[in-house]
Amino acid sequence: MRNRKLGALGWDVSEIGYGGWGIGRTWWGPTDDTESINALKRAWELGVNFFDTAFVYGDGHSEKLMAQALAGKPALIATKIPPKNGIWPGSPKTPLKEVFPKEWIVSCTERSLKYLQRNTLDLTQFHVWSDAWLHQDEWKETIGQLKKSGKIRGFGVSINDHDPNSALELVASGLIDTVQVIFNIFDQSPMEKLFPLCLKHKVGVIVRVPFDEGSLTGAFNKNTRFEQGDFRASYFKGDSLIHTVERVEKLKSFLGPEAKTLSELALKFVLSQPAVSTVIPGMRKSKNVDSNVAVGEAPPLSAQTVQELKKHAWPRNFYTQWED
C-alpha cells in the first residue's frame, strides 16, 4: 500500500482509507456487525491505516465498531462533530451558535473519545461548514484549547456535498489541517479551485464518495431496486438512476490494462490528483476491502487516460436536481 502525506500534519496515510458511514446501521440498509468488524480488521491487515467515521453514523455505532476492531492498533482515526441543529448542509444564514457553540464542540469531542476508547482524537472535523463562520472567534478558540489540552491532534471540516467552493476562505486562512470533499469521475468540481488551494496551503485532502454512492462500481442497472432503509432509493429517484447508468456505461470503454473494473478506474482517477491525500470508500465486506486495497498497490492511470476521463464530468446534485 502506498502512503501519502496528510497535508502539513505530515502523517503518512494510506492512499486507500476506510469510510465508516456504511457500517453505522443507518442510511445504507441492513448491516452485519461481525462482517463490518472483519472488514475493518482486514483493511488494517492489508495496510490501511486511515479510518474515517462520525457520530451520526448510527449515533456512535460506527465509532464503537472501529474501537472494537482497531483496539491496540496505531491506526489513525478521524471522526466528526455533527451540527447541533442537525441540519445538513451548513448554511451561511445560520448563526454559528446554532451549529457549533463551544459547549457542543467540547461535549461531542468527549463523547467520541469515549466511543472510540481513546485519550486523543487523531483528527476531528466539523461535519458541515460555511465560510460565513470563518471570522468568529468561539470555534477557533475552542479547537485551539482542545489541541493544547491533548484532546485532539488535527482539525478539519467535511465540506458540504457538491459545494467545494464553500470552504475556500477557510483553506486559505491556515486554520485547518484537512478538508473532506466529494470528488469522483462525475463530480470533478474540486479540481478547479479547492485542490490548487489545498496544495498551496498544505491542507490535506480526504476524498469521500469516490463511487458516486455506488454507481461508479457498475453494480447498478436501470432496474436496480434498493433495500429498505437504503438512502439511495431516494437519491436515485425518478429518472436519475437511468441517466446515471447510461453515463456509467460509457466509462466501460476505458477498461483494459490500466483498470480491469470500474471500481479500479474510479479510485485511480481520484488518486491521479496530487492534492489528494487519501480516498475513503465504504467497505462493509472483506471482499470489497481486498479489491479496493489492491488499487493502492497497482500502477496509476496514464496522464492521457486522466485527461480523457475529465471529459466525463457531469455536474449535478441529486439532492436537489440533476443537469444533463
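User: Which loop holds Pro89?
Analyst: This is a predicted model. In it, the peptide bond from Trp88 to Pro89 is cis, with omega near -5°. As for its place in the chain, Pro89 lies in the loop between strand 5 (76-81) and helix 3.

User: What is the phi of Asp212?
Analyst: Asp212 belongs to the loop between strand 9 and helix 7 (232-235). Its phi is positive although the residue is not glycine, with a value near 50°.

User: What is the strand order of the open sheet?
Analyst: The sheet has 8 strands with parallel pairing. Strand 3 (18-19) and strand 10 (278-279) are its edge strands, since each pairs on one side only. Read across the sheet, the order is 3-4-5-6-7-8-9-10.

User: At what angle does helix 6 run to strand 8?
Analyst: Helix 6 (residues 194-201) lies across two strands, strand 8 (178-182) and strand 9 (204-208). Its angle to strand 8 is about 165°.

User: Is helix 1 roughly parallel or oblique to helix 2?
Analyst: Helix 1 (residues 33-45) and helix 2 (residues 61-69) pack with their axes 9 Å apart, at an angle of about 55°. Angles under 35 degrees count as roughly parallel. The angle here makes helix 1, relative to helix 2, oblique.

User: How many residues in the contact of helix 1 with helix 2 are nonpolar, polar and charged?
Analyst: Helix 1 passes helix 2 in a right-handed crossing. Asp33, Ser36, Ile37, Leu40 and Lys41 come from helix 1, and they meet His61, Leu65, Met66, Gln68 and Ala69 of helix 2. The contact residues divide into 5 nonpolar, 3 polar and 2 charged.

User: Is helix 3 roughly parallel or oblique to helix 4?
Analyst: The axes of helix 3 (residues 102-116) and helix 4 (residues 137-149) are 9 Å apart, and the helices pack at an angle of about 30°. The cut-off for the parallel class is under 35 degrees. Helix 3 is therefore, relative to helix 4, roughly parallel.

User: What is the handedness of the crossing of helix 3 and helix 4, and which residues make the contact?
Analyst: Helix 3 passes helix 4 in a right-handed crossing. From helix 3 the contact takes Lys102, Glu103, Ile105, Val106 and Thr109, and from helix 4 it takes Glu138, Trp139, Thr142, Ile143, Gln145 and Leu146. By type, the residues of this contact are 5 nonpolar, 3 polar and 3 charged. In short, the crossing is right-handed, and the contact residues include Ile105 of helix 3 and Trp139 of helix 4.

User: How far apart in sequence are the parts that Arg4 and Glu15 tie together?
Analyst: Side chains of opposite charge can pair when their charged atoms come close. Arg4 and Glu15 form a salt bridge at 2.9 Å, N to O. Arg4 is in strand 1 (residues 3-5) and Glu15 is in the loop between strand 2 (12-14) and strand 3, so the parts tied together are apart in sequence by 11 residues.

User: How many salt bridges does the count come to?
Analyst: A pair counts when a side-chain nitrogen of Lys or Arg is within 4 Å of a carboxyl oxygen of Asp or Glu. The salt bridge of Arg4 and Glu15 is at 2.9 Å. For the structure, the count of salt bridges comes to 19.

How values were computed:
Residues numbered from 1 in each chain as written. Predicted model: local features only at pLDDT ≥ 70, side-chain atom pairs only at ≥ 80, totals over all residues. Heavy atoms only, no water. Axes fitted to C-alpha atoms, helices over the stretch in contact; angles between N-to-C directions. Helix = DSSP H or I, 4+ residues; strand = E, 2+ residues; numbered from the N terminus. Parallel < 35°, antiparallel > 145°, perpendicular 65-115°, else oblique. Left-handed = near helix turned anticlockwise from the far one by under 90°. Contact = heavy atoms within 4.5 Å. Nonpolar A, V, L, I, M, F, W, Y, C, P; charged D, E, K, R; others polar. Pairing = 2+ DSSP bridges.
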